[in-house]
Amino acid sequence: ILAFVNLKFRKRDATDYIYIVKKDLHNVGLTSLREKCMRRGGLDTGFHFIVRVNGVVEVDRVEYAYAGWWFDHEDKAVAILIDTAGQEKMTSAAKKAVKEITSKYPNAHIYETNDAGDMED
């Protein structure tokens, strides 16, 4: 992990897209999720935020950075991963957390996608 201390992420010059992916993370913690992605050649999960069922927001990628490589407009996007934790519907706590994040970018188009890139099983 120390090798990444001086790592610089490319900075977005605009935020035109917000990608939202819902996935059951099976109670796996952020460190383990990151390690899974690193074993696959990633630097992190590729998501800026991971929103848990209880509304807790975990920050993975610095907010100014590009989103994960697999998103169509990664250079203009923020990516949010919502942990469904096996629930059918998104909890009100998770919805509230997502709304707080997305409200920072009122002009961004929000897209829900199923592609979690390096996080896929």
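## A first look

Buried residues account for 43% of the 121 residues in the protein chain. Keep in mind as you look around that this is a predicted model.

So what is the chain built from? There are two helices and five strands in the protein chain. Starting at the N terminus, the elements come in the order β-α-β-β-β-α-β. The protein chain has a radius of gyration of 14 Å, close to the 14 Å that the globule rule gives for 121 residues, so it is as compact as a globular protein of that length.

## Size, surface and charge

On the charge side, the protein chain carries 18 positive and 19 negative side chains. The centres of those two sets are 4 Å apart.

In soluble globular proteins, nonpolar side chains tend to be buried together. Here, the largest nonpolar core has 17 residues. Which of them touch the most other members? They are Val 21, Leu 25, Phe 47, Ile 50, Phe 71, Leu 81 and Met 119. Strand E1 (17–23), helix H1 (30–39) and strand E4 (77–83) are the elements that give two or more residues to this core.

Setting aside residues up to four places away in sequence, Leu 25 touches Leu 33, Ile 50, Arg 52, Leu 81, Asp 83 and Met 119. There's also a second, separate core, with 13 residues, including Ile 20, Ala 97, Ile 101 and Tyr 105.

## Gly 42, a buried loop residue

Head for the loop between H1 and strand E2 (49–51), and you'll find Gly 42 there. Is Gly 42 buried or exposed? Its relative accessibility is 12%, and the cut-off for buried is under 20%, so Gly 42 counts as buried.

Leaving out neighbours within four places in sequence, Gly 42 is in contact with Cys 37 and Asp 118. Tyr 105 sits 63 residues from Gly 42 in sequence, and their C-alpha atoms are 26 Å apart in space.

## Two residues with a positive phi

Most residues other than glycine have a negative phi. His 26 has a positive phi of about 50°, although it is not a glycine. Look for His 26 in the loop between E1 and H1. With a relative accessible area of 55%, His 26 is exposed.

Ala 85, also not a glycine, has a positive phi near 50°. Ala 85 is in the loop between E4 and helix H2 (92–102). At 35% relative accessibility, Ala 85 counts as partly exposed.

## The loop between E3 and E4

Lys 76 lies in the loop between strand E3 (57–59) and E4, and Lys 76 is partly exposed, with a relative accessible area of 23%. What does Lys 76 touch, not counting residues up to four places away in sequence? The list is Arg 12, Asp 13, Ala 14, Thr 15, Asp 16 and Tyr 17. Lys 76 and Tyr 64 are 12 residues apart in sequence, with 9.8 Å between their C-alpha atoms.

Asp 72 is also placed in the loop between E3 and E4. At 65% relative accessibility, Asp 72 counts as exposed. Asp 72 and Tyr 19 are 53 residues apart along the chain, and 9.6 Å separates their C-alpha atoms.

## Strand E5

Last stop: His 109, which has its place in strand E5 (residues 109–113). His 109 is partly exposed, with a relative accessible area of 46%. Not counting residues up to four places away in sequence, His 109 touches Asp 16, Tyr 17 and Ile 18. Asp 16 and Tyr 17 are also among the residues that Lys 76 touches.

Trp 70 and His 109 are 39 residues apart along the chain, and their C-alpha atoms are separated by 17 Å.

Conventions
Residues numbered from 1 in each chain as written. Predicted model: local features only at pLDDT ≥ 70, side-chain atom pairs only at ≥ 80, totals over all residues. Heavy atoms only, no water. Helix = DSSP H or I, 4+ residues; strand = E, 2+ residues; numbered from the N terminus. Rg over C-alpha atoms; globule rule 2.2 N^0.38 Å. Buried < 20%, exposed > 50% of the residue type's maximum accessible area, 1.4 Å probe, protein only. Lys, Arg positive; Asp, Glu negative; His and termini not counted. Charge placed at Lys NZ, Arg CZ, Asp CG, Glu CD. Core = buried A, V, L, I, M, F, W, Y, C linked by side-chain atoms within 4.5 Å. Contact = heavy atoms within 4.5 Å.
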